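Here is a briefing on one protein model and the ligands placed in it. Take the ligand sites first, then the loop and the helix pairs.

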Amino acid sequence: MKFQWDVLTMKDFYTFLAIIIFTGLVSVHHRSDYWRKTWPYSFQFPGDSMNRNRFEAILWSLHLSDPKEDEENEKKWNTAEYDRLFKIKPLYTEIVNACKANFQPYRNISIDERMVQSKACMKPYNKDQPTKWGYKLFVLADVSIGYTWNFHVYVGESESPSTGRGLSYSTVMDLLPLPLLGSGYLLYTDSHYSSPALFTDLLKKNIGCCGTIRTQRIGIPKTRVNDLPKKAERGDMRWIRRGDLLFVKWMDTREVTVCSTVHKAYSGQTVQRKLKAAGVWESKSIPVPDAIVDYNRSMGGVDLSHALIGFYSVRHKTMRWYKTFFYHFVDIAVANSYLLHKELWKLRPDPTQTKTLTHKFFREQLAKEMLEFAGGLAARPPAPSPSSSSAACLPAFFESTDSQARKHCKRCTGAGLTRVKTSIYCLKCKVPLCFTSKKNCFRQWHEELS
Ligand SMILES: *[C@@H]1O[C@H](CO)[C@@H](O)[C@H](O)[C@H]1NC(C)=O
Ligand SMILES: *[C@@H]1O[C@H](CO)[C@@H](O)[C@H](O)[C@H]1NC(C)=O
């Protein structure tokens, strides 16, 4: 063991998280600089709240899963039951669930990929696999605010598509839990994911789609009647319909092909482009298909959400791949919280506040409040835990969602009333006892005992 280990308290962990967020705001060359008391460092925080060894000990011992269960999983290495993501599963699942639970997307959503930079590697499938420098996440985001609603960590080619229709089709379907998400959405995808099969199947589920598409995709009309002319000019467009699918080609600096199940081909929209006419550059309006305008606008929102996560991100160099995910999960949680802060502000504008917080100030406040919360936790005596032997005699309900979770009252039974049941027991004595406004066996039994 590299560090001496003390039991981790909630206070410690909140302080630890506040430091993690702080390190995303203030960068130094070496982590130890945060604790240096010499010029030009001398930061008050984090040194005053937690000493360096304690921080390093927590970081060093950080696991997102139970190490014993990990070992069990490692034994299954090279078998079908081996779970490559086991080391992140518990937190991964919890963060995804929280993302879904705290916000319902507006109308426009998108699927895209995010890379999590890392030099630490998961166990590769085979020795020949090139070393990866990061991990790929597939993300379902709300386009208008950039909220991360769902995501999957990609574990490699060997992942067998759940739908039998190829990885990109399955990726999208897996990110759209329809019973939870509902329908009526408009999904934007890039050419990695767009396909006639996907768009058609989603339309049947009342989800419209729009996205750039590769012209070699199966299901694209093979006819050439909608090809752009060889010497197409900027703003030239051609379109063709097949069933519910609209395919539009448009000439910008290069040819763009978009497929949509929700758009008209062209309604008269234009964009400004600098064009050279007779040797002179001039700004001109050129016609643009509706699907391309909306796609461009939506994907702009996606870039925004990448920027949001990337800017104050809390990444540290780590040799453990699962710690890379810990940092990324913190980033997702903080970025989403900030976006919700802005949405809530729209709903309930506080008259004393003229603006939402900036992302930076939000993170500063968050770290500060976490510290204050940690301080408050320290002042309070630790809450008695039901399992510990030091628990006080307190009434509690039987832990069961089953309303039948009732047991025979100890005192009534002792008095010959063998049929009286109660849903209350004593935490310490582990004895079922009546505890109602009319009948307080709980108190009487304890009094009789002493
Ligand atoms: C796409 O968006 C960018 C930035 O908002 C804009 O400059 C560009 O003209 C847009 N392109 C189209 C085709 O709308
Ligand atoms: C969805 O996107 C369309 C096209 O960009 C836009 O007109 C509409 O306002 C968006 N809807 C919401 C709820 O953001």
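Ligand 2 is surrounded by R107, N108, S144, D294 and R297, where a residue counts as near if one of its heavy atoms lies within 4 Å. The model is predicted: local features need pLDDT of at least 70, side-chain atom pairs count only at pLDDT 80 or more, and totals for chains, interfaces and linings use all residues. Residues are numbered from 1 along each chain as its sequence is written, chains are lettered from A and ligands numbered from 1 in the order in which they are written, and side-chain values use heavy atoms, with hydrogens and water left out.

**Ligand 2**

- R297 has a side-chain N or O atom 3.0 Å from an oxygen atom of ligand 2. A polar contact here is a pair of N or O atoms within 3.5 Å; within protein, one must be able to donate a hydrogen and the other to accept it, and residues adjacent in sequence count only if both atoms are side-chain atoms.
- D294 places a polar side-chain atom 3.3 Å from an oxygen atom of ligand 2.
- On its own, ligand 2 exposes 360 Å², and the protein buries 55% of that. Accessible areas come from the Shrake-Rupley method with a 1.4 Å probe; for residues, only the protein chains shown count as cover.
- The shell around ligand 2 holds 3 charged residues, 2 polar ones and no nonpolar ones. Ala, Val, Leu, Ile, Met, Phe, Trp, Tyr, Cys and Pro count as nonpolar, Asp, Glu, Lys and Arg as charged, and the others, Gly among them, as polar.

**Ligand 1**

- W250, V271, R273, I292 and N296 surround ligand 1.
- The side chain of N296 has an N or O atom 2.3 Å from an oxygen atom of ligand 1.
- For R273, the corresponding side-chain N or O atom is 2.9 Å from an oxygen atom of ligand 1.
- Ligand 1 exposes 360 Å² when taken alone, of which the protein buries 49%.
- Its shell divides into 3 nonpolar residues, 1 polar and 1 charged.
- Strand β9 (270-277) and helix α8 (290-311) each supply at least two residues of that shell. Helices (H or I, at least four residues) and strands (E, at least two) are DSSP runs, numbered from the N terminus.

**The loop between α1 and α2**

- Most residues other than glycine have a negative phi, and most peptide bonds are trans.
- P40 sits in the loop between α1 (10-25) and α2 (52-61). The peptide bond from W39 to P40 is cis, with omega near 0 degrees.
- P46 is also in the loop between α1 and α2. A cis peptide bond joins F45 to P46, with omega about 10 degrees.
- S42 lies in this loop too. S42 is not a glycine, yet its phi is positive, about 50 degrees.

**Helix pairs**

- Helix α4 (residues 89-101) packs with helix α9 (residues 321-347) at about 15 degrees, their axes 11 Å apart. Axes are lines fitted to C-alpha atoms, for helices over the stretch in contact, and angles run from 0 to 180 degrees between N-to-C directions.
- α4 and α9 are therefore roughly parallel, a label for angles under 35 degrees.
- The axes of α5 (residues 167-175) and α7 (residues 196-204) come within 10 Å and cross at roughly 25 degrees. These helices, α5 and α7, are therefore roughly parallel to each other.

How values were computed: Parallel < 35°, antiparallel > 145°, perpendicular 65-115°, else oblique.
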